[in-house]
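Please look over the model below before reading on.

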Amino acid sequence: MDYGAAPEDSALALAWLDQFQRRFGHFINGAWCAPAQGEYFATSDPSTGDKIADIAGGSATDVGAAVKAARAAAPGWQALTPHARARFLYALARQVQKHSRRLSVLETIDNGKPIRESRDIDIPLVARHFYHHAGWAQLLGQEFPGYQACGVVGQIIPWNFPLLMLAWKIAPALAAGNTVVLKPAEFTPLTALAFAELCMEVGLPPGVVNIVTGDGSTGEALVVHPDIDKIAFTGSTEVGRAIRRATADSHKKLSLELGGKSPFVVFEDADLDSAVEGLVDGIWLNQGQVCCAGSRLLMQESIASQLSRKLQARMTTLRVGPPLDKTTDIGAIVARVQLERIEGLVARGITEGASCWQPDIPLPSRGLYYKPTLFTNVHPTSVLAQQEIFGPVLAAMTFRTPAEAVELANNTAYGLAASVWSESVNLALQAASRIKAGVVWVNSTNLFDAASGFGGYRESGFGREGGREGLREYLEPAWFRKAPLLGRGAAAGADDVNSAESGLDPIAGSATHPGDEPPIDRTVKLYIGGKQVRPDSGYSIECRSSKGLLLGEVPLGNRKDIRNAVEAAGKAQQWSSTTAHNRAQVLYYLAENLSQRSQELMTRLAAVVGKRQASRELKLSLERLFAYAAWADKYEGVVHSPPYRMVSLAMNEPIGTVGVVCPESTPLLGFLSMVLPLVTTGNCVVAVPSAAYPLIAGDLYQVLETSDMPGGVINMVTGRPMELTKVLAEHDDVDALWCYGDEALCATAKRLSAGNLKQVWTNEGRQIDFFSERYGAGRWYLDHACQVKNIWVPYGE
Ligand code: NAI
């Protein structure tokens, strides 16, 4: 017995296209506009190759008009009450539901995905996203006091979940009070244009949402437009890198959701039949064109052949066919170029020696189709195991022990998602905690919800979509943009800097020394892996007081020293799994030790920053240590209850090894204000102390040495900030970089970080008043010190 065809009726969707004579302009300032250069391109149905409609090609002029409209609309949109914005988002959610069938059909004919998916997954999730964010719009003032919208946001989305990606971008942006220019992917613009019509229907003020269609060049014009405050991008890692570089010299906030090569780990005690169904959803959903697709199957050796047999049997029952047929499991590949990319990678996999298996099932004679494909005998370093294929191709490997499973799972530059299958809750959650990925599904896969953040670790990008952390991407502290640039206006404590000459001998640290004897030299070294070490260069740099008096010398750290420090930090990662209570104890004890040495520290610091600032820095440094010790066991994750029989545990995980380039003018307080939130949350740090008073390193490591801080958690390399920032930014084992400096230093940090796409957080060249608890400490810092991992666990089945 076989299923008969059950085609979805596309008449209403086609009639809607006909209303526009199948020719669409941009949606700018609440109205349809012809493209400035009069160019159109075709969007076609990948299941037939037939053209569907002509779409406006966006030029820089079109992008400029859209940005102008969004800028003009921003004050009005922000002046609305949160409740009024909530009403608009609610209306959009409702409107999506009212037109859900038309939107599903449009999505399917434009993208090629099975109607079952667009109807039952994509469009309901779109509505859910707008509902959820209607709620955030309403609660914004209460939940994010002191924060404001970024302003005008440029958003670029891919073709795999066209309307869902639009919702993931537009809903939080609007809820936070931003206005938007969105560019859909060139292969799939139709549902974004249908959404534009919904915006008109709900009476959204003109200019709040603008949609400019076009290809990569339109996206590029949006990225480089000077009047954009934030770019949010989903797409390939390669383009993500280009965007990182293109925005480095600007103050644009950036979030990137990029590719993945997600592991699907099946332990020997898993329910294998469920795991097979999970694989169907994991790798064959949307023809495998899913950034979080479970494209690497890792099977415990003892069940590998049994699982492979079950999987092959299931693959022979998959129906590849017309996407509008309700019985189709696997639809069409989005475009010829994507099909050729898949074919090319599969051919390379075969050349590399992997075994390729495809079921003997028919493919339609027309259109862009690819059979579900299973590779075995895949080497972990091969192209099949490392490169995102973005097609219905599964690469299977085996492991023996749970430790090996985790090692293999993490053997990728990506870190977007993972599925873990085991009937043992201990084993599954232990693996979930060790796999480096933004989402881990236990005994499940490819589940999404507006309340649970989604986004990657490592080269899968940074920033989250959905949940509280997703909303944060569209907000910033209201004071931050108003802060003056360094060198302009008064810096915190600047009145004190250079103001007082202490009259003390800073090298000896005492007011007098007996007779004519010279003071005993004080040699400051680098501090790496818990040890004082000499610099590789053999050079030192002078450190002088505000009056030009020689205070001492510090090592001139170089590339090699940074590398050693990064290696030491890498070896100290165990810090992330010490308990929060223990980390708090270590910080309290650091405060004790710092307090013990306060007199001599005060004397030396005063020579550079004056007595008044020195005493304020010291006092606040002790307070800050107490504050972060307090936070250590209170900055915790949350549990979400998505509308499935699951909970998702949103865990605040440390990022890993973080480079920190510290502020000049507050040598002690600035250092601690940047380093403490990171170590509090379990990161290890390679810090470049204040360039104005690097001697502080000597005092700090003495305090560290007498504390319980494990070696390698805090490393210090003194030297020239620009030189050391470059090395940190380019280093692939540095997972994030916090950089405080002028605009040129911040831009360098961002531009050079594109290699491993590390997250870079800077002061944007602005002055931050570290003396103020409001600006210099707290959640804003902790939020940047962590990345949220959502672990989905079955609950209440
Ligand atoms: P892409 O990254 O080129 O396209 C994504 C979006 O970025 C589209 O809207 C495109 O017009 C735009 N774009 C392209 N170049 C741009 C630029 N220089 N500046 C600004 N925007 C630009 O992805 P593509 O070529 O469609 O697919 C290539 C591969 O990327 C796929 O095989 C897959 O591996 C990966 N991919 C990953 C996605 C994800 O969700 N993580 C989504 C789409 C593709």
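The accessible surface of the protein is about 29,400 Å². Carbon and sulfur atoms hold 51% of that surface. Areas come from the Shrake-Rupley method with a 1.4 Å probe, and for residues only the protein chains shown count as cover.

This is a predicted model: local features need pLDDT of at least 70, side-chain atom pairs count only at pLDDT 80 or more, and totals for chains, interfaces and linings use all residues. Residues are numbered from 1 along each chain as its sequence is written, and side-chain values use heavy atoms, with hydrogens and water left out.

**Confidence**

pLDDT is the predictor's confidence in each residue, from 0 to 100. Its mean over the protein is 94, and 95% of residues reach 70 or more. Strand β23 (residues 540–544) has the lowest confidence, at a mean of 89. Strand β9 (residues 209–211) has the highest, at 99. Over residues 489–514 the pLDDT is below 50. Beyond near neighbours in sequence, that stretch has 51 contacts in the model. Contact means heavy atoms within 4.5 Å.

**Overall build**

The protein has 26 helices and 32 strands. These are DSSP runs, numbered from the N terminus: helices are H or I with at least four residues, strands are E with at least two. The C-alpha atoms fill a box of roughly 105 × 60 × 45 Å along the principal axes. Of the 797 residues, 61% are buried. Buried means under 20% relative accessible area, exposed means over 50%, and partly exposed lies in between (1.4 Å probe, protein chains only). Among contacts with a separation of 6 or more, 76% join residues 24 or more positions apart.

Two strands pair if DSSP finds at least two bridges between them.

| Strands | Sense | Bridges | Bridge partners |
|---|---|---|---|
| β12 and β13 (residues 296–300) | parallel | 4 bridges | Val266 and Met299 |
| β12 and β17 (residues 417–421) | parallel | 3 bridges | Val265 and Val420 |
| β17 and β18 (residues 439–442) | parallel | 4 bridges | Val420 and Val442 |
| β4 and β5 (residues 51–56) | antiparallel | 5 bridges | Ala42 and Asp54 |

In β12 (residues 263–266), Pro263 and Val265 point one way. Phe264 and Val266 point the other way, and all four residues are buried. From β12 the chain crosses through helix α10 (residues 272–283) to β13, in a right-handed β-α-β crossover. Right-handed means that, with the strands pointing away from the viewer, the path from the first strand over the helix to the second runs clockwise.

β17 is covered on both faces. Ala417, Ser419 and Trp421 lie on one side, Ala418 and Val420 on the other, and all are buried. Helix α15 (residues 425–434) carries the chain from β17 to β18, and this β-α-β crossover is also right-handed.

**A three-strand sheet**

An open sheet of 3 strands runs in the order β1-β5-β4, with mixed pairing. Its edge strands are β1 (23–24) and β4 (40–44), each pairing on one side only.

**Pro364**

Pro364 sits in the loop between β14 (355–357) and β15 (373–376). Its relative accessible area is 27%, so Pro364 is partly exposed. Not counting residues up to four places away in sequence, Pro364 touches Val320, Gly321, Pro322 and Tyr369. Thr48 is 316 residues from Pro364 in sequence, yet the two are 9.6 Å apart in space, C-alpha to C-alpha.
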